[in-house]
Structure formats: structure tokens, C-alpha cells
Amino acid sequence: MFSKEDINLDALPKHIAVIMDGNGRWAKMKGKIRTFGHENGVKAVRDTVEAAAELGVSYLTLYAFSTENWNRPKYEINALMTLLVSTISKETKTLMDNNIRLESIGDMSALPKKCMKELLEAKAKTAGNTRMTLVLALSYSSRWEIKEAMQKIAIQVKSGELQPENINEATIAENLNTAGMPDPELLIRTSGEHRISNFLLWQISYAELYFTDKLWPDFRREDLYEAIVSYQRRERRFGKTSEQLSA
Ligand code: IPE
Ligand code: IPE
Ligand code: MG
């Protein structure tokens with residue numbers, strides 16, 4: 001079991017992204033319906049958010065609902081949206097108490113009205129908080145986000161505001177939903193699946209990937225600590241050689 005003391009607070013990742021996976025299997029193992037797993041995933045969210053803020057992480061991005069998740073059975077989508085609305089409204093006070101700002105990435109216009117309203121309210125209310133930014137990826141997929149960025153850039157080129165030869169990596173980053181946020185240094189995925197599922201493809205080009213077999217509803221702060229310890233034991237070379245780094 002890992003604790004806070006195992007972590008070097010001077011070398012924390014500034015941005016941690018999490019693919020919260022395995023709710024359905026967790027419920028199935030207990031002989032319950034999938035939505036029971038989603039309900040129990042909220043405890044894991046609360047503990048992870050609190051622990052990340054306490055450590056001093058600046059950005060925590062949680063993948064809560066992907067564009068592709070709209071293809072799930074209607075019953076499950078409705079349950080997830082209802083859970084989202086109730087969780088956001090219930091947790092706004094906790095976010096205020098902990099000085100956490102709420103942000104979101106994804107196609108907000110695809111969300112049910114009630115959900116969008118709660119989200120907008122919570123974002124507005126927490127906008128002045130400074131300890132950590134919690135980013136919810138909702139109706140999000142990386143290819144959708146990149147497509148949107150391409151359209152925004154094309155409009156700027158068409159209007160003559162931007163010359164094609166002046167498009168650089170920063171232009172692309174500035175037109176993504178994550179504009180202004182640092183790239184995640186650590187990406188965690190639970191449930192034993194080793195894939196990215198259309199999450200932050202541009203932003204994770206040099207992130208350290210951490211996979212755990214734990215199902216999301218069982219994930220707790222100690223698991224976050226373990227992921228950070230694993231991250232801190234790695235040598236991040238960014239294309240250079242090990243010798244160059246130690247020189
Ligand atoms: C993650 O758990 C939550 C969402 C994708 C909304 P799943 O619902 O994908 O659970 P598994 O992967 O089927 O166990
Ligand atoms: C990824 O999980 C999306 C979220 C965690 C919100 P999925 O369960 O949808 O991913 P796949 O379908 O197994 O790749
Ligand atoms: Mg899944």
C-alpha cells in the first residue's frame with residue numbers, strides 16, 4: 001500500500017488524466033446491473049479528486065463519457081446523465097470547500113439540457129478557485145476535438161486572419177478544447193484494458209502511461225499514489241539518450 005510519504009512532492013505531474021473504466025464489470029461481478037457500477041464510481045471520483053488536490057496536482061482530467069458511449073443502450077445513457085446531474089450539483093459545495101475549479105472538454109451541446117445547465121452553473125460558481133482544476137471530459141473524443149480544431153483553423157485561414165505557412169504546433173494546441181492547459185504527464189487507465197479509446201490523442205504524445213487491473217469503483221487515493229510513484233521512477237527522455245539526461 002502506497003502513501004503520500006512515498007511521493008516526491010517536488011516532482012509531481014502537473015496534469016494527470018484518468019480513463020475511469022470498469023464500472024460495468026464491477027457491478028456484474030457483484031451480480032448487479034451496470035448502472036450500480038456507475039453509482040459506485042462516484043466514491044472513487046471523490047477520493048481521487050481530493051487526493052490530487054491535497055498533493056498539489058494542478059490539473060486532473062477525468063474521462064467520464066466518450067462520444068462513442070452515446071452508442072450504449074438508452075437506459076444506461078439516461079442513468080449516466082442523471083447521475084452526472086446529481087453528482088455535479090451535490091459536489092459543487094465540496095469543490096468550493098476545496099478551492100477546486102471545474103472545467104469541461106467535449107461536445108457540451110450534445111448533453112441533455114439539465115446536464116448542461118448544472119455543468120455551466122458549477123463551472124461559473126467555481127471559476128475563481130485556484131488550488132486545482134478538475135476537467136470533466138464529457139461527450140468527448142479526441143478525433144471530434146481535432147476535427148473541431150481543424151474547422152476553427154480553416155475559418156481563420158479563409159478570412160485571411162491566418163496564413164497556412166504560419167500554422168504551427170501551438171496553433172493546433174490553442175484550437176483544441178484543452179487550450180491553455182499543460183499536457184498530461186501521466187495517464188492512468190483502470191480495469192486492465194490497454195488502450196486509449198479516443199482520449200487526448202494530441203495531448204498525450206509524451207505522457208507516461210499507467211495501467212492497473214483495479215476496476216474504477218475500487219480505485220482509491222492509495223492507487224493514485226502508486227501511479228504517481230511509478231511515474232516518478234521512470235526516466236522521461238523526450239527522444240534524448242539517457243547519458244544526455246544525466247550529463
Ligand atoms: C466506465 O465503465 C464508465 C464509462 C465508460 C461511462 P464502463 O461502463 O465502461 O465499464 P466496463 O468497461 O463495461 O466494465
Ligand atoms: C472509455 O471507456 C471511456 C470512458 C472511460 C468514459 P470505454 O469502456 O467506453 O472504452 P472501450 O469501449 O472499452 O474502449
Ligand atoms: Mg469500459
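Predicted model: local features only at pLDDT ≥ 70, side-chain atom pairs only at ≥ 80, totals over all residues.
User: Which residues of H3 and H4 meet?

Analyst: On the H3 side they are Met-81, Leu-84, Val-85, Ile-88, Ser-89, Thr-92, Leu-95 and Met-96. On the H4 side they are Lys-114, Cys-115, Glu-118, Leu-119, Ala-122, Lys-125 and Thr-126.

User: And how many of those H3 and H4 contact residues are nonpolar, polar or charged?

Analyst: The contact of H3 with H4 has nine nonpolar, three polar and three charged residues.

User: What about H2 and H3? What angle and distance there?

Analyst: H2 and H3 pack at about 25 degrees, and their axes are 10 Å apart. H2 and H3 are therefore roughly parallel to each other. Their crossing is right-handed.

User: Who makes the contact between H2 and H3?

Analyst: H2 brings Arg-34, Thr-35, His-38, Glu-39, Val-42 and Arg-46. H3 brings Tyr-75, Glu-76, Ala-79, Leu-80, Leu-83, Thr-87 and Glu-91. By type, the contact of H2 with H3 divides into five nonpolar, three polar and five charged residues.

User: H2 also packs on H7. At what angle do H2 and H7 pack?

Analyst: About 50 degrees, with the axes 8 Å apart. H2 is residues 34-55 and H7 is residues 221-232. H2 and H7 are therefore oblique to each other.

User: Left-handed or right-handed, the way H2 passes H7?

Analyst: H2 passes H7 in a right-handed crossing. The contact residues of H2 are Asp-47, Thr-48, Glu-50, Ala-51, Ala-52, Glu-54 and Leu-55. From H7 come Arg-221, Leu-224, Tyr-225 and Ile-228. Six residues of the contact of H2 with H7 are nonpolar, one is polar and four are charged.

User: Switching to ligands. How many residues surround ligand 1, and which are closest?

Analyst: Ligand 1 has 13 residues around it. The closest are Asp-21, Gly-24, Arg-25, Arg-34 and Arg-72.

User: Arg-34 was in the H2 contact with H3 too. How far is its side chain from an oxygen atom of ligand 1?

Analyst: An N or O atom in the Arg-34 side chain is 2.8 Å from an oxygen atom of ligand 1.

User: Which polar backbone atoms have an oxygen atom of ligand 1 at a listed distance?

Analyst: Gly-24 has a polar backbone atom 2.8 Å from an oxygen atom of ligand 1. For a polar backbone atom of Asn-23, the distance to an oxygen atom of ligand 1 is 3.1 Å.

User: Now ligand 2. What surrounds ligand 2?

Analyst: Ile-19, Met-20, Asp-21, Tyr-63, Ala-64, Phe-65, Ser-66, Asn-69, Arg-72, Arg-189, Arg-195 and Ser-197.

User: Which distances go with Asn-69, Arg-72 and Arg-195?

Analyst: Each distance runs from a side-chain atom to an oxygen atom of ligand 2. An N or O atom of the Asn-69 side chain is 2.9 Å from such an oxygen. A polar side-chain atom of Arg-72 lies 3.3 Å away from one. For an N or O atom in the Arg-195 side chain, the distance is 2.8 Å.

Conventions: Residues numbered from 1 in each chain as written. Chains lettered and ligands numbered in written order. Heavy atoms only, no water. Axes fitted to C-alpha atoms, helices over the stretch in contact; angles between N-to-C directions. Helix = DSSP H or I, 4+ residues; strand = E, 2+ residues; numbered from the N terminus. Parallel < 35°, antiparallel > 145°, perpendicular 65-115°, else oblique. Left-handed = near helix turned anticlockwise from the far one by under 90°. Contact = heavy atoms within 4.5 Å. Nonpolar A, V, L, I, M, F, W, Y, C, P; charged D, E, K, R; others polar. Near = heavy atom within 4 Å. Polar contact = N/O pair within 3.5 Å; in protein donor to acceptor, adjacent residues only side chain to side chain.
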